[in-house]
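The sequence and structure are shown first.

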Number of protein chains: 2
Amino acid sequence: MNRHLPTGLQELDPKAAHLCLGIENFITSELQTSLEDTVLLVALSGGVDSSALLIILTCLAKKNGFCIHAAHFNHQLRPEADAEETHIRQLCSSLNIELTTDSQDIAAYASGHKLGIEEAARLRRYAFLESTRLAVNADWIVTGHHANDLAEDVMMRLIRGTGWPALGGMQGKCNNRKLLRPLLTTPKDDLISFANACSLTWCEDASNIDKQFLRNRVRSQIIPLLCKENPAFLDATTSLWKLAQVDTDHWAEIINQHLQKTDFDSPKLLKEDLSSMSQATRLRVYKAVLNSMGKGQPLQQNLLALDTAWQANVGGKVVQFPGNKIATIRKGTIYFSYQ
Amino acid sequence: MNRHLPTGLQELDPKAAHLCLGIENFITSELQTSLEDTVLLVALSGGVDSSALLIILTCLAKKNGFCIHAAHFNHQLRPEADAEETHIRQLCSSLNIELTTDSQDIAAYASGHKLGIEEAARLRRYAFLESTRLAVNADWIVTGHHANDLAEDVMMRLIRGTGWPALGGMQGKCNNRKLLRPLLTTPKDDLISFANACSLTWCEDASNIDKQFLRNRVRSQIIPLLCKENPAFLDATTSLWKLAQVDTDHWAEIINQHLQKTDFDSPKLLKEDLSSMSQATRLRVYKAVLNSMGKGQPLQQNLLALDTAWQANVGGKVVQFPGNKIATIRKGTIYFSYQ
């Protein structure tokens with residue numbers, strides 16, 4: 001049971017208050033977001049990350065003028081899932097925060113839809129969060145992803161063959177999905193210290209150590225080796241993430257200029273426009289067009305193959321991309337369509 | 001002993017000839033280098049990488065109109081070092097290639113100069129290679145670095161906190177150091193198959209499995225985990241490297257425009273110039289200026305710290321960089337100097 005949880009900065013010890021103010025600064029400066037007069041929907045798993053997030057945001061709410069609503073999705077994947085839901089109900093009740101919950105048999109959903117457990121869980125959880133966000137009229141879905149999650153994400157992207165700047169990791173703010181990740185550069189250890197300083201209790205998710213998931217193998221086997229080589233490895237990935245955000249802005253501006261006149265219903269890139277771009281720009285423009293066509297992430301290799309074919313002026317050449325997308329080169333113009 | 005080693009493409013089986021032609025294409029297309037009428041100084045360690053490199057270049061020499069000279073540096077670090085030197089003498093003699101050798105007690109040099117063994121070996125080896133290049137009037141020093149070395153290099157840069165595009169790995173061609181790495185996107189397994197197809201014998205370097213070196217820990221512990229997750233991981237890093245080359249060109253052009261008028265004896269960046277740049281450009285311009293000041297690689301964190309201070313317009317703020325370099329902000333202008 002959580003007793004006497006803090007609900008304002010003045011109730012925190014100096015170190016815990018400092019952490020909260022750092023996160024407030026991250027939201028304002030790095031994510032360039034004002035939370036004044038907003039409603040935040042906090043996604044709660046019951047773990048230390050999202051539980052600490054709830055306390056941190058509670059302590060910042062009055063000062064920053066926002067309201068909090070909480071949401072929990074019970075995946076019915078583990079025997080302790082119901083106990084965790086009870087724990088979350090108590091946490092929200094002791095903080096006087098409204099909670100919306102839903103529950104689904106994700107294992108059945110995954111096998112019914114031929115999806116991996118992780119993917120099924122993510123799909124259904126975010127569908128629930130988005131419908132809850134609309135129902136409670138919230139501005140943002142806020143998740144507890146932290147610097148260790150970010151480092152794992154960078155490694156998974158490196159393994160998969162992601163290009164730059166996407167290699168820098170998940171976004172801190174996604175306007176399309178109405179998603180905020182205010183803890184993204186905060187190490188998990190700092191959240192644990194914060195939780196302990198607040199006498200907060202939380203649930204450990206046993207599936208986090210299940211080696212059947214790539215993420216958990218990255219977490220338990222690869223990241224510790226990297227941290228052993230450089231104890232400041234989390235700082236290094238955080239800096240890489242910051243550079244990636246800066247470069248994302250740089251490229252977004254260039255891409256917008258080039259794609260202003262594009263008809264996204266049947267996108268094509270004209271020979272004369274392509275010829276005026278640097279190769280670096282062309283690769284980003286291809287990616288932006290492909291992303292606008294829906295699901296399926298183009299890999300760096302696919303994009304380079306398309307550009308090599310375009311440079312060699314291979315007439316009639318077709319390059320395939322994930323998501324059944326294809327690019328066809330005809331007389332130096334590239335036409336994008338579905339297979 | 002190596003007998004009847006191939007000295008022309010027509011002596012190779014189809015797969016081996018295909019490998020050679022792929023490397024010829026890499027030199028021409030990716031490294032954009034013509035080898036016609038050049039002299040190449042091939043750095044030989046006696047391992048499979050550089051031995052295969054020597055055969056590959058020998059088979060391509062007549063067709064591409066270049067000459068080969070070989071160089072071997074004996075580090076006196078292992079009991080088998082002298083036997084390796086003998087092996088290399090025989091290899092070069094059987095290919096009718098002139099060889100220059102030198103020898104130094106690197107362990108003594110390292111302790112005398114308070115350097116790590118690896119750094120001392122690299123410093124002395126490259127000094128020897130460069131003086132040999134000048135002595136034999138060679139155009140390029142050519143090394144046997146391959147795709148596995150590249151993947152290790154990317155990981156080491158990620159661990160260390162390198163920014164983009166340097167994160168993409170070592171250069172395939174370095175005009176300043178007169179260095180070419182024609183095997184950089186060829187997997188080591190392909191070189192071993194090639195060597196076996198040519199009945200080439202080579203020496204295994206026992207120090208490559210010595211866990212006291214970071215590079216060997218990355219090689220033996222980290223890379224295998226990544227390859228297990230994605231069997232095409234070497235392809236993924238090769239694609240990342242290609243994108244990094246493309247982006248390096250993109251940034252080089254932008255940086256050159258901005259630094260045209262810079263006095264590199266006492267470099268400064270004027271407030272009005274900095275204000276006209278995107279943040280992404282500013283970070284690259286800082287790095288270019290710091291690199292022009294000599295040894296010491298600025299980390300991404302240092303560059304971001306400088307830009308944050310510049311944006312906040314912190315008068316008199318001094319940011320320190322490796323190599324005793326400092327940047328001082330005065331009235332929005334950044335002055336670079338030594339401590």
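This is a predicted model: local features need pLDDT of at least 70, side-chain atom pairs count only at pLDDT 80 or more; totals for chains, interfaces and linings use all residues.

## Relation of the two chains

## The four-strand sheet of chain B

Chain B contains an open sheet of four strands in the order β7-β10-β9-β8, with antiparallel pairing. Strands β7 (268–269) and β8 stand at the edges and have a single partner strand each, so one side of each is left without a neighbour in the sheet.

Strand β9 (residues 325–330) of chain B pairs with a strand on either side. With β8(B) (residues 318–321), the antiparallel pairing runs over four bridges, and V319(B) has A327(B) as its bridge partner in β9(B). With β10(B) (residues 333–338), the antiparallel pairing runs over six bridges, and here I326(B) has S337(B) as its bridge partner in β10(B).

Two residues separate β9(B) from β10(B), where K331(B) in the turn has a positive phi of about 50 degrees.

## Surroundings of the sheet

Why is β9(B) described as largely enclosed by the rest of the structure? Five of its six residues are buried, so the strand is largely enclosed by the rest of the structure. Helix α11(B) lies across β7, β8, β9 and β10 of chain B, and it runs at about 25 degrees to β10(B).

## Nonpolar core

In soluble globular proteins, nonpolar side chains tend to be buried together. The largest nonpolar core of this model comprises 88 residues, of which M155(A), Y286(A), F336(A), M155(B), Y286(B) and F336(B) touch the most other members.

Y286(A) illustrates these surroundings. Apart from neighbours within four places in sequence, Y286(A) is in contact with L269(A), L274(A), L303(A), L306(A), D307(A), W310(A), I334(A) and F336(A).

## Salt bridges

Side chains of opposite charge can pair when their charged atoms come close. Over all chains, the search of the whole structure finds 28 salt bridges. One of them links D247(A) with R284(B), with the closest N and O atoms 2.6 Å apart. This pair crosses between chains, from helix α9 (residues 233–259) of chain A to helix α11 (residues 279–292) of chain B. Both D247(A) and R284(B) are buried.

Within chain B, D49(B) forms a salt bridge with K188(B), and their closest N and O atoms are 3.6 Å apart. D49(B) belongs to helix α2 (residues 48–64) and K188(B) to helix α7 (residues 188–197), so the pair ties together parts that are 139 residues apart in sequence. D49(B) counts as buried because its relative accessibility is 17%, under the cut-off of 20%. K188(B), at 25% relative accessibility, counts as partly exposed.

In chain A, E84(A) and R78(A) form a salt bridge whose closest N and O atoms are 3.0 Å apart. E84(A) is buried, with a relative accessible area of 7%. A network of salt bridges also links D149(A), E152(A), R215(A) and R219(A).

E24(A) is located in helix α1 (residues 14–30) of chain A. Is this residue buried or exposed? E24(A) is buried, with a relative accessible area of 15%. Beyond its neighbours within four places in sequence, E24(A) is in contact with L60(A), K63(A) and N64(A).

Technical notes
Residues are numbered from 1 along each chain as its sequence is written. Chains are lettered from A and ligands numbered from 1 in the order in which they are written. Side-chain values use heavy atoms; hydrogens and water are left out. Buried means under 20% relative accessible area, exposed over 50%, partly exposed in between (1.4 Å probe, protein chains only). Two strands pair if DSSP finds at least two bridges between them. A salt bridge is a side-chain nitrogen of Lys or Arg within 4 Å of a carboxyl oxygen of Asp or Glu. Contact means heavy atoms within 4.5 Å. Axes are lines fitted to C-alpha atoms, for helices over the stretch in contact, and angles run from 0 to 180 degrees between N-to-C directions. A nonpolar core is a set of buried Ala, Val, Leu, Ile, Met, Phe, Trp, Tyr and Cys residues joined through side-chain atoms within 4.5 Å.
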